[in-house]
Amino acid sequence: MNVQDWIDRLQARWKARDPEAIAALFTEDASYHQGPFGTPHVGHDAIAKHWTATLSHQKDPAVWFGTPIVSAERASVEWWCILYDPATGTPRSAAGCLALRFAEDGRCALFKEYWHGAPEAALEPAEGWLR
């Protein structure tokens, strides 16, 4: 699998709200870092649990990814999303970057996510933002 295929699968599984399918994109011992300071989610069960919790706080995601930058087994890609609170319908936007390292089988072994949020706003990416 190439990196773009992996990103496309992540995007589709996020929109389908399928935490188990998202976890299957990762190696059994993958390390998933959401920001630089927290404890990483390690392994399929922890990643699926993280995504189950994440998805419970959002509905109707609109998700965009830029073109990944790839070097050997490493890649980075910008992303953007608009989400809605399931209880109130209030929108929020987030944009960030993923730093990824892949195993030989094409699954992600190391995932680092950095992002910024805009609460109570449904903001689409500016033209040319995600290239």
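**Entry 1: Ser31**

I began with a side chain: that of serine 31 makes a polar contact with the side chain of histidine 33 at 2.8 Å. For a polar contact I took a pair of N or O atoms within 3.5 Å; within protein, one must be able to donate a hydrogen and the other to accept it, and residues adjacent in sequence count only if both atoms are side-chain atoms.

A note on my source: this is a predicted model, where local features need pLDDT of at least 70, side-chain atom pairs count only at pLDDT 80 or more, and totals for chains, interfaces and linings use all residues. Residues are numbered from 1 along each chain as its sequence is written, and side-chain values use heavy atoms, with hydrogens and water left out.

Is serine 31 buried or exposed? I found it buried, at a relative accessible area of 15%. My cut-offs were under 20% relative accessible area for buried, over 50% for exposed and partly exposed in between (1.4 Å probe, protein chains only).

Serine 31 sits in strand β1. Helices (H or I, at least four residues) and strands (E, at least two) are DSSP runs, numbered from the N terminus. Leaving aside neighbours within four places in sequence, I listed the contacts of serine 31 (heavy atoms within 4.5 Å): Pro40, His41, Val42, Ala109, Leu110 and Phe111.

**Entry 2: the partners of β1**

Next I looked up how β1 pairs, which takes at least two DSSP bridges between two strands. β1 (residues 26-34) runs parallel to β7 (residues 108-119) over 5 bridges, and phenylalanine 26 stands opposite cysteine 108. With β2 (residues 41-42), β1 pairs in the antiparallel sense over 2 bridges; here tyrosine 32 has histidine 41 as bridge partner. The β1-β2 hairpin has 6 residues between the strands, and in it glycine 35 takes a positive phi near 90°.

Most residues other than glycine have a negative phi. Which residues have a positive phi without being glycine? I noted aspartate 60, near 50°, and glutamate 120, about 55°. Aspartate 60 lies in strand β3 (residues 59-65) and is exposed at 53% relative accessibility. Glutamate 120 is in the segment after β7 and is exposed too, at 67%.

**Entry 3: the core**

Last, I turned to the largest nonpolar core, which has 28 residues. Such a core is a set of buried Ala, Val, Leu, Ile, Met, Phe, Trp, Tyr and Cys residues joined through side-chain atoms within 4.5 Å. Trp6, Trp14, Phe26 and Phe65 have the most contacts inside it.
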